[in-house]
Amino acid sequence: MESVAANRTALSDEARRRKLAIRGESMFYARWDRAVFIHYAVDPVTLQREIPFELDLREGRAYVSLVAFTLMRMRPRIGGRIGEWMLKPIAAHEFLNVRTYVRHGGEPGIYFLAEWLNNRAAVLLGPRSFGLPYRFGKLAYRHARDTDALFGTADAHNDHLVYEGKTSGESFEPCEAESLTEFLLERYTAFTQNRKQKRFFRVWHAPWPQAPAEFQILDASLIATTGQWWRSARLVSGHYSPGADVWMGRPHRIA
């Protein structure tokens, strides 16, 4: 876990230096496995009304992304096998994030409009500790390693997300520097707000190995529940990554 991939982008390097500058900043290690990214361009004025942080725009455009992946082997940085055993009930499950792109104090990051997990214990812990908007949902992913087939479903109450897609690249490579793909994928700080308390936490991983992917959204009623931004949403691109090993930092309050 401590080894570093030889090929890192400048953004990944900067995020790693930032985390290592604070002793004991990393709380957890984990793997974010088989990640699907589905990106929408949206009306920035409408979206800003729903976000408590300044939007990070690219050429005047705002973006919202759906990120579906499987959390694997989350474990504390300290505590060894005992610590890993104690965290086992919440160490592996599926995630569906709906996130947008923001800046605070000059630092780029992400803000979660909603997150669904299929682990009830984890749903209880996220809002209290990190200020995350966790909700329980039934998630099922088929993100095959050895084929280009991608399929996923998420159900909560009477709303659904159903997508299918395929990769259009022959290999997985880091994002091109300063590209839109890098802007959307390479984010290492999350800003949150639970009630009136704002927080942030940082993560680090080697740059996402990724390939372009094409998606069809067969049912998006679940995503439509996350805000008025959805009315202006236009699907612009997608990506797939086999995953990344991650260092996850502690939450910090924003005064």
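Biologist: Which residues form one aromatic cluster?
Modeller: This is a predicted model, to begin with. The cluster is made up of Trp32, Phe37, Phe69, Phe95, Tyr134 and Trp208.
Biologist: And how many aromatic pairs does the structure hold?
Modeller: There are 17. In one of them, Trp32 and Phe69 have ring centres 5.6 Å apart and planes at 45 degrees, so this pair is tilted.
Biologist: Which parts does that pair tie together?
Modeller: Strands β1 and β3. Trp32 sits in β1 and Phe69 in β3, so the link joins parts 37 residues apart in sequence.
Biologist: Is Trp32 buried or exposed?
Modeller: Trp32 is buried, at 16% relative accessible area. Phe69 is buried too, at 5%.
Biologist: OK, pockets. What volume does the largest pocket have?
Modeller: About 630 Å³. Its lining has 36 residues, and Phe95, Leu132, Tyr134, Phe201 and Met248 lie nearest the centre.
Biologist: What classes of residue are in that lining?
Modeller: 26 nonpolar, seven polar and three charged.
Biologist: Which element gives the most to it?
Modeller: α4, with five residues. Elements supplying at least two residues each include β1, β11 and β13.
Biologist: Switching to α1. Which of its residues are buried?
Modeller: Ser12, Ala15 and Lys19. They span an arc of only 65 degrees around the axis, which puts them on the same side of α1.
Biologist: What do they pack against?
Modeller: β1, β11 and β13.
Biologist: And which exposed residues are on the face turned away?
Modeller: Ala10, Arg17 and Leu20.

How values were computed. Residues are numbered from 1 along each chain as its sequence is written. This is a predicted model: local features need pLDDT of at least 70, side-chain atom pairs count only at pLDDT 80 or more; totals for chains, interfaces and linings use all residues. Side-chain values use heavy atoms; hydrogens and water are left out. Buried means under 20% relative accessible area, exposed over 50%, partly exposed in between (1.4 Å probe, protein chains only). Helices (H or I, at least four residues) and strands (E, at least two) are DSSP runs, numbered from the N terminus. The arc is that of the directions from the helix axis to the C-beta atoms. Contact means heavy atoms within 4.5 Å. On a 1 Å grid over the protein atoms alone, a cavity is a set of points where a 1.4 Å probe fits but cannot get out, and a pocket is an open set with protein on both sides within 12 Å along at least five of seven lines; lining residues have an atom within 4 Å of a point. Grid points are joined across faces, edges and corners, and a volume is the space filled by probe spheres set on the points. Ala, Val, Leu, Ile, Met, Phe, Trp, Tyr, Cys and Pro count as nonpolar, Asp, Glu, Lys and Arg as charged, and the others, Gly among them, as polar. Rings of Phe, Tyr and Trp (its six-membered ring) pair if their centres lie within 6.5 Å; planes under 30 degrees apart count as stacked, over 60 as edge-to-face and the rest as tilted.
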